[in-house]
Amino acid sequence: MSQADLMVRHVNLPDGRTDVDVAVRDGRIVEIGAALPGTAHETVDGQGLLLAPPFVDAHFHMDSTLSLGLPRLNQSGTLLEGIALWGELKPLLTVEALVERALRYCDWAVARGLLAIRSHVDICDPRLLAVQALLEVKRQVAPYLDLQLVAFPQDGVLRSPGALDNLRRALDMGVEVVGGIPHFERTMADGAASVTLLCELAAERGLRVDMHCDESDDPLSRHVETLAAETVRLGLQGRVTGSHLTSMHSMDNYYVSKLLPLIAQSGLQVVANPLINITLQARHDTYPKRRGMTRVPELMAHGVNVAFGSDCVMDPWYPMGSADLLEVASMGLHVAQMTGQQAMRDCFDAVTVNPARILGLADYGLAPGCHADFVLLQARDPVEALRLRATRLAVWRRGRLICETPPATARLNLPGRPAEVNWLRA
Ligand code: FE2
């Protein structure tokens, strides 16, 4: 083999391989194996830590992120006050402020090893300022982060006057995925009609679909059924995503036993948003309180591709968050009680390879021929990465080091005890 540009030696991989080397040339992985021969311009000793493909966020709102407190704080913390607050903020938005906040968020993302994001962008304001802004951000961050945009009619494509026209204009401008929000339309019938309309639009244009679907505690909110059926009718298998699907948490078990195979057969992909679902759902409950997240382990057991997304960070709906997909996956693990050995590894996949499939990312992963995009974590394996929400020691994009973070350690001053702790397993 000719000389590599970069060699990362002595790393563990998420698939369980240990102490392997990864060789990179011209921005791509050329070889992975134990004790690779040859030299490189640059060699990094991974010291038995985990090298993972980049984190991928399949569900985000970059037009509202980091706007917390504008024009006021969400006092109740509820979904509906959040939507109302976003309505108050929209007339005050400027392209410049949107770009500045989104770029700042992308800096946070890179520092967390998050290098691909699917963001919904609200198209209900006919000025389409957020679309303009995020298309500009997409262009600026392209060298280091893949930003995929969804035309999202937040107020309902049928319910909000002009929304369908705005949505078509957003697609014409370069937004690549068709969004929707059927449970927010005025009636169940309108919701189903919106699913049909939007899936037909995507099929006509050869685009993917990603709908906010059944983000409700109403067990009778069943738009996912229509979404799955339209996916099959229009031949969109593998290109349609149902986001949230929280009503499935509350549905009748007998109905779900019919629904799960229908979803699996349709090739519908699913995104749960654990941080948001656990805080926004079941707000009408007293006790016992439902958790509100969709049935993640059951969907996975049926072979459905499920990702965990972050949805919101510091915006009208959610005052927390920091672009940390390990925090998202950790919450998903807890809410879904996914503490079995394979289930924990599935949670790691739900913020890496699974969302990469949803976005349709080309040449993603740790294999020869893939882009040399990867993250060295201060953890030995995916389970430890989740437990520690591990520090991203180094982040590479196309073989170039784009971010470093010092290891998390603490200095002890205790008699007879070591001077340093780092929380890694022995
Ligand atoms: Fe969302």
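Leu 128 is buried (under 20% relative accessible area, with a 1.4 Å probe and protein chains only), at a relative accessible area of 2%. The model is predicted, with local features needing pLDDT of at least 70 and side-chain atom pairs counting only at pLDDT 80 or more, while totals for chains, interfaces and linings use all residues. Residues are numbered from 1 along each chain as its sequence is written, and side-chain values use heavy atoms, with hydrogens and water left out.

**Backbone**

- Leu 128 is not a glycine, yet has a positive phi of about 50 degrees.
- Leu 128 sits in the loop between β6 (114-122) and α3 (129-141); helices (H or I, at least four residues) and strands (E, at least two) are DSSP runs, numbered from the N terminus.
- Trp 423, also not a glycine, has a positive phi of about 70 degrees, and lies in the segment after β17 (420-421).
- Trp 423 is partly exposed at 48% relative accessibility, a class that runs between buried and exposed, the latter being over 50%.
- Leu 70 and Pro 71 are joined by a cis peptide bond with omega of about -15 degrees; Pro 71 is in the loop between β5 and α1.
- Tyr 287 and Pro 288 are joined by a cis peptide bond with omega of about -5 degrees; Pro 288 is in the loop between α9 and α10 (296-301).
- Most residues other than glycine have a negative phi, and most peptide bonds are trans.

**Iron site**

- His 59 (NE2), His 61 (NE2), His 212 (NE2) and Asp 311 (OD) coordinate the iron ion at 2.1 to 2.3 Å.
- Donors are N, O and S atoms within 2.8 Å of the metal (3.2 Å for Na, K and Ca); water is not among the atoms, so the site may look incomplete.
- The arrangement is irregular because the 4 donor atoms subtend angles of 86 to 178 degrees.
- The donor spacing in sequence is H-x1-H-x150-H-x98-D.
- His 59 in strand β5 (residues 55-61) and Asp 311 in the loop between β12 (306-308) and α11 (325-335) are 252 residues apart, linking distant parts of the chain.
- His 59 is buried at a relative accessible area of 0%, and Asp 311 is buried at 3%.

Definitions and conventions. Four donors count as tetrahedral if all angles lie between 85 and 135 degrees; four count as square planar and six as octahedral if opposite donors are over 155 degrees apart and all others between 65 and 115; anything else is irregular.
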